[in-house]
Amino acid sequence: SFVTAGTAVTTVREKKPSFNSTAYYVVAEGRPTPLVAKLYPLYYKMDTLLDSYTLLPQRGAVYSEEGSRHRLKVTRFDRAAGKVSFEYQTATTVKSDFTASPVVQDALSAIYLWRTIPMAAGDRITMPVSDSGKTYKVQMDVGKPEQVRTPLGEMRAVRLKPSVFDASGQPVGRNMAIWISDDARRLPIKFQAELPIGSFVLVLRDAR
């Protein structure tokens, strides 16, 4: 049995000049249902500036409100120097710099990049992803297309099984899966993962 806890909306808001180039401004917002909000107010916002020529993020941020606690995490990518600058703002501000792969993504930009990569059943694709001041290796194993039931109806989708590893090679997270529609739109139509207290499932309800 599943309880609807909230909704998430991702939007490509605009294409604009950015960091001596041009970038797509992509925003993802998550909000709880009214019932959950009464019990515990939550709000999450991720955004990224995705370079329109390289499809690499220039800057990414995560803002969260959990009750009275507000946090902002900002990641800036210096491609020429091969460095990443991370800033964590709460009541105080903590900053750090570290080296990273020249093709490292942030969590939000990675979702959009996966949609552009040609893939076939049996493929294994890896990608470095920077999140919260750390770099992870994300490995995607591509499965066979299958039918997935969504509020938009039955859709044929490719199942991707992600595995995430930290800098020491230890696995992070467990039993995750992503389904991307097997058509020209390559829509992310379903995501699920196990949590310590159950399962988390996100299903596409509308796409424009």
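Let me begin at helix 2, where Asp 106 caps the N-terminal end: a side-chain oxygen of Asp 106 lies 3.1 Å from the backbone nitrogen of Leu 108. That is a polar contact, meaning a pair of N or O atoms within 3.5 Å, where within protein one must be able to donate a hydrogen and the other to accept it, and residues adjacent in sequence count only if both atoms are side-chain atoms.

Before going on, the source. This is a predicted model, in which local features need pLDDT of at least 70 and side-chain atom pairs count only at pLDDT 80 or more, while totals for chains, interfaces and linings use all residues. Residues are numbered from 1 along each chain as its sequence is written, and side-chain values use heavy atoms, with hydrogens and water left out.

Helix 2 covers residues 107–114 and is mostly covered, with six of its eight residues buried. Buried here is under 20% relative accessible area, against over 50% for exposed and partly exposed in between, with a 1.4 Å probe and protein chains only. The buried residues are Leu 108, Ser 109, Ala 110, Tyr 112, Leu 113 and Trp 114. When I say helix or strand, I mean DSSP runs numbered from the N terminus: H or I with at least four residues for helices, E with at least two for strands.

Seven strands form an open sheet in the order 1-2-3-4-5-6-7, with antiparallel pairing. Strand 1 (6–18) and strand 7 (93–99) are at the edges with a single partner strand each, so one side of each has no neighbour in the sheet. From one strand to the next, the twist averages 10°; the axes behind such angles are lines fitted to C-alpha atoms, for helices over the stretch in contact, and angles run from 0 to 180 degrees between N-to-C directions. Two strands count as paired if DSSP finds at least two bridges between them.

Taking the pairs in turn, strand 1 and strand 2 run antiparallel and are joined by 12 bridges, with Ala 8 partnered by Gly 30 in strand 2. Strand 2 (residues 21–32) is joined to strand 3 by eight bridges, also antiparallel, and Tyr 25 stands opposite Leu 49 in strand 3. Strand 3 and strand 4 pair in the antiparallel sense over nine bridges; Lys 45 has Tyr 63 in strand 4 as its bridge partner. Their hairpin has five residues between the strands, and Leu 55 takes a positive phi near 60° there.

Asp 131 is bridged to Lys 134 in strand 10. The hairpin has two residues between the strands, and Ser 132 in the turn has a positive phi of about 55°. Strand 10 then joins strand 11 (residues 153–165) by 12 antiparallel bridges, through a hairpin of two residues, and Val 148 stands opposite Met 155 in strand 11.

How many cavities of 30 Å³ or more does the structure hold? It holds two. On a 1 Å grid over the protein atoms alone, a cavity is a set of points where a 1.4 Å probe fits but cannot get out; a pocket is an open set with protein on both sides within 12 Å along at least five of seven lines; lining residues have an atom within 4 Å of a point. Points are joined across faces, edges and corners, and the volume is the space filled by probe spheres set on them.

The largest cavity has about 130 Å³ of space. Of its 14 lining residues, the closest to the centre are Gly 60, Val 62, Thr 75, Asp 106 and Asp 131. Strand 3 (42–51), strand 4, strand 5, helix 2 and strand 9 (124–131) each give two or more residues to the lining, and strand 4 gives the most, with three.The second largest cavity has about 40 Å³ of space. Its lining includes Phe 77, Asp 78 and Arg 79, and strand 5 and strand 6 (83–89) each give two or more residues.

Last, the second largest pocket, with about 160 Å³ of space. Among its lining residues are Phe 19, Asp 51, Phe 77 and Arg 79. Strand 4 (57–66) and strand 5 (69–78) are the elements that give two or more residues to this lining.
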